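This report covers one chain of a model. It takes the domains, then a contact between two of them, then a strand.

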Amino acid sequence: MPTPKKIIRLAHGAGGILQEELIDFITKDISHKNINGGIGVLDLDDGATMPLHNYDQEFVFTADGHTVYPLFFPGGDLGKLSICGTVNDLLMMGAKPLALTSNIIIEEGLSFEILDKIITSFNQTAEEAQIAIICGDTKVMPKGSLQDMIMTTTGIGLRKNTIKIEDKNLKIGDKIIITGPIGDHGTALMAKREGLNISTNLDSDVALLLEIIKSIENEINNNVIHAMKDPTRGGIAGALNHWANKSNLSIFIEEEKVPIRNQVKAICDMLGLDPYNIACEGRALLSVDPNHAEEVLDKIQSTKLGKGAQIIGETKSENPKRVLLNTIVGGTRFIDMPLGEPIPRIC
Amino acid sequence: MDIPGSEILKSKKFTEKLIKNIKANLDAIAKKVKLMHVCGTHEHTISKYGLRSLLPEGIEIVSGPGCPVCVCPAADIDKAIELGKRKDTVITTFGDMIRVPASNISLSELKAEGSDIRIVYGPNDAVKIAKQNPNKEVIFFAIGFETTVPLIGYELKTNPPSNFSVICAHKLIPAALELLISIDRLNIDGFISPGHVATIIGLKPFELFSKSYRVPNVVAGFEPNDVLLGILMLLKQIKSKKYETINEYSRVVKSEGNEVAQNVISEVFKSTVSPWRGIGRILDGGLAIKEKYAEFDADKKFDIEINDAQDIPPGCSCHLVMTGKIYPNECKLFRKTCTPINPIGPCMVSQEGTCSIYYKYHSD
């Protein structure tokens, strides 16, 4: 048996255990890891904060690389995905999105027609999100060094410095809310993979979470909502495991409460995939004070994007750092951190 | 997408009823019971729905050699690798197969070195590739049990192009079950037999176990309550000491099986002594291509000799896992050096492999 070569594999970017190893490798020797005691690199949260002296707000920053392929997929494209991903990360930190920077790296040979479609979609979504694009960079790389184009963004937002939303801020007894059906984005992309020819009307769920967040602004400001996370790479399995781990508690999920579309179930069954590990691009998970959970749920359900929201579970003290699933037939099993899936990049 | 009326197969109420009945029957038997399934999909259902957590302690469910990727011997993979190294050759196979470590490397490592190795979703895709590439040899590495055999048989029967051939590594389930019964100290009290295999071959080949070996046998489907109902049917037989082969999966399985598929199999293939990875040579444990179709048999078409293939790497306990002697977590490599990302043994590679499923759904 040959020893495995030490190389970066696709799975290192899939939001699982290997990705954590990679991030640790990259970040371990950074000397300054946060500013003024704010959320920094070590916290591995959706973004970082920069507290400001003598001011009641703090800056929130997020960084994101958008490498989806193909560039156009059912329900969206690279441009829309880039803005949604950036804005949603800021919102998940409890911040008001202000501006973003945009880097575009293009493969030699891409047509202006395609670039135009992506940029138009990028600008339209930014307009919808009322976020400014304030600086950027462009590079063109020789043919073959990347697939068509990729974008990277930095999001900048502001939040009240009394807001405590953070991955490690879950409390025992919290209710877990998901704002809609899971797994649409990853499954819709996979169904379009070459050779599968699955005919389905399933669209990616890629969307701005603005309306949902606006509906619960008070609860965010009052710290009734303890944490928020958009379950992108690694799906809800990844996001919930991060929470359980960082907050040192367990999360119990009721399988029958988790909204999953029939198409997603069927396609995942067919391909041997677990919808809990599949990326969403327009959903949020919330950990909410149990006394306010129903109220928060009602508010989210009153929005267009949040109609399918559900309370799917709660946090407990037993089995700390683990996520458990009560299955539809009443059995119990663990939901583990995904390892990283052998599938093409989907976000 | 569900079949109307199939809600009961996942109904919690029905599950509770089944568990109550299972407990009552186990109490009446008044001893521990060890049941074996021989199908990766059964293990998947059991683990995914947490069925072991619902069953009383006195029932042990062990997995037999039910994953076709796992039981494919290293020598056959080495053969595909040797052929894959040749110029103008395309090796096609099912997804999981390309990751299985053989004696030295896997097909996926060979692909990284530049060979043309392609994942297909069925043999018809491989035939398509052969037609599109008339100047290349396109070889389908055929693995699987009775369920995948008819597909390949059909392709060979319907005039595939002359540049298409097959490495035939098909295995047959009944012979493996018979070998398992005879394994010392395994003491299986009953078999949960794979419904999809019975869909093709019918119930008759399974009846041998209840009739000659007096081991209860239930052919079961793949929803959680299918498996639990199967377990209950086995316990009732153990309690009454009347041993039969019962069809739990009657909504799909006909007692005579699928005769069209059987005819395709017997037209193209003959049963043969076959090596199973980690288990050994099994009489009638596999299939070979009949003389009539020899021109499509890669073994005959190409001159390749494989010596000293290594089935089980040092330290790996896949052979013990596959014969139900230990659980994956009793292997000293499990979850330490052997993970789905870095699989050492075959049971960790395939999504149907016992170790891979156990890794995903269990905590220890």
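## Domains

Which domains does the domain assignment of chain B give? The assignment, automatic or from a database, lists domain 1 (6-67 + 174-247), domain 2 (69-171 + 279-301) and domain 3 (318-361).

This is a predicted model: local features need pLDDT of at least 70, side-chain atom pairs count only at pLDDT 80 or more, and totals for chains, interfaces and linings use all residues. Residues are numbered from 1 along each chain as its sequence is written, while chains are lettered from A and ligands numbered from 1 in the order in which they are written.

## Contact of domains 1 and 2

Taken over C-alpha atoms, the centres of domain 1 and domain 2 of chain B are 33 Å apart. Domain 1 of chain B gives nine residues to the contact and domain 2 of chain B gives twelve. Contact requires C-beta atoms, placed from the backbone, within 7 Å.

On the domain 1 side, α9 (173-182) and α10 (195-201) of chain B are the elements that give two or more residues. Helices here are DSSP runs (H or I, at least four residues), and strands are E runs of at least two, numbered from the N terminus. The largest share, four residues, comes from α10(B). This side has eight nonpolar residues, one polar and no charged. Ala, Val, Leu, Ile, Met, Phe, Trp, Tyr, Cys and Pro count as nonpolar; Asp, Glu, Lys and Arg as charged; the others, Gly among them, as polar.

## Strand β7

Strand β7 (residues 190-194) of chain B is mostly covered, with five of its five residues buried. Buried means 20 or more other C-beta atoms, placed from the backbone, within 10 Å of the residue's own.

Strand β1 (residues 33-37) of chain B runs parallel to β7(B), joined by three bridges. B:H37 has B:I192 as its bridge partner. Strand β8 (residues 217-220) of chain B also pairs with β7(B) in the parallel sense, over four bridges. There, B:F191 stands opposite B:N217. Pairing needs at least two DSSP bridges between the strands.

Methods: Buried ≥ 20, exposed ≤ 12 C-beta atoms within 10 Å, placed from the backbone. Contact = placed C-beta atoms within 7 Å.
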